[in-house]
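Hi,

Here is the model I said I would pass on.

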Amino acid sequence: MFEHEIRVTWGDCDPAKIVYTGRLPWFALDAINAWWEHHLGDDWYRMELDRNVGTPFVHMSLDFRSPVTPRHRLKLKVWPTKLGETSIGFHVDAYQDGKLCFEGDFVNVFIVAKEFRKAPPPQDIRDIVTPLLRPAK
């Protein structure tokens, strides 16, 4: 399982002194992007521009468990949960100080980036993702 760490700052917070809700999906997407870079060697930017492979989101779901604050590093655990004919699903668990703060499920569709046309994942991506698949929970 891949783990990505984020330093939460005061600027991420709202007047309630916890992380602004809109930042939580951003943290999760940053972790998924880091997962791609770690396993494929390319992040979304390089996938899109250098490989002509896009992965726009078609679904996001988040459940909040505990507030996120700047007191501790946010550790996000990321893994792929499914690989379809043209889509990929990811699960993200986010922890601070050992406590689950939020979890989410995300689905992307593969596209030919220059044409914005749905397409199957390239074989090298399928080969990388398949052995790493595991259920969300």
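Which backbone oxygen does the side chain of Gln96 reach? That of His72, at 2.7 Å, which is a polar contact (a pair of N or O atoms within 3.5 Å; within protein, one must be able to donate a hydrogen and the other to accept it, and residues adjacent in sequence count only if both atoms are side-chain atoms).

Before going on, a word on the ground rules. This is a predicted model, with local features needing pLDDT of at least 70 and side-chain atom pairs counting only at pLDDT 80 or more, while totals for chains, interfaces and linings use all residues. Residues are numbered from 1 along each chain as its sequence is written, and side-chain values use heavy atoms, with hydrogens and water left out.

Gln96 is found in strand β5; helices (H or I, at least four residues) and strands (E, at least two) are DSSP runs, numbered from the N terminus. At 5% relative accessibility, Gln96 is buried (buried means under 20% relative accessible area, exposed over 50%, partly exposed in between, with a 1.4 Å probe and protein chains only). Leaving out residues up to four places away in sequence, Gln96 touches Val8, Pro67, Val68, Thr69, His72, Arg73, Leu74 and Cys101, where contact means heavy atoms within 4.5 Å.

Thr69, one of those contacts, sits in the loop between β3 (57-64) and β4 (74-83). Thr69 is buried too, with a relative accessible area of 18%. Its side chain reaches the backbone nitrogen of Arg71 at 3.2 Å. With residues up to four places away in sequence again not counted, Thr69 touches Val8, Lys17, Ile18, Val19 and Gln96.

**The strands**

Two strands pair if DSSP finds at least two bridges between them. Strand β1 (residues 2-6) runs antiparallel to β4, joined by 5 bridges, and His4 has Leu76 as its bridge partner in β4. Next, β4 and β5 run antiparallel with 9 bridges and form a hairpin with 3 residues between them. Here Lys77 is partnered by Asp93 in β5.

From β5 you can go on to β6, again antiparallel, over 10 bridges; Tyr95 has its bridge partner, Leu100, in β6. That hairpin has 2 residues between the strands, and Asp97 takes a positive phi near 50 degrees there. β6 (residues 99-109) also pairs with β3 in the antiparallel sense, over 7 bridges, with Phe57 opposite Asn108. How many of the 11 residues of β6 are buried? The count is 8, so the strand is largely enclosed by the rest of the structure.

There is also an open sheet of 3 strands, in the order β2-β7-β8, with antiparallel pairing. Its edge strands are β2 (53-54) and β8 (117-118), each pairing on one side only. β2 meets β7 (residues 111-112) over 2 bridges in the antiparallel sense, and Val53 stands opposite Val112.

**The helix**

α1 has 18 residues and reaches 25 Å from its first C-alpha to its last, close to the 26 Å expected at 1.5 Å a residue (the expected span is 1.5 Å times one less than the number of residues). Its buried residues include Leu24, Phe27, Ala28, Ile32, Trp35, Trp36 and Leu40. Just after α1, Gly41 has a positive phi of about 90 degrees.

**Rings**

A search of the whole structure gives 6 aromatic pairs. Rings of Phe, Tyr and Trp (its six-membered ring) pair if their centres lie within 6.5 Å; planes under 30 degrees apart count as stacked, over 60 as edge-to-face and the rest as tilted. One of the pairs is Trp26 with Phe27, edge-to-face at 5.7 Å centre to centre and 75 degrees between the planes. Trp26 is partly exposed at 43%, whereas Phe27 is buried at 1%.

Trp36 and Phe90 have ring centres 5.8 Å apart and planes at 75 degrees, so this pair is edge-to-face. Trp36 lies in α1 (residues 23-40) and Phe90 in β5 (residues 87-96), so the pair ties together parts 54 residues apart in sequence. Both are buried, and ring pairs link Trp35, Trp36 and Phe90 into a cluster.

Two charges sit over rings (NZ of Lys or CZ of Arg within 6 Å of the ring centre and within 35 degrees of the ring normal). Arg23 lies over the face of Trp26, at 4.5 Å from the ring centre, and Lys77 lies over Tyr95, at 5.0 Å.

Cheers
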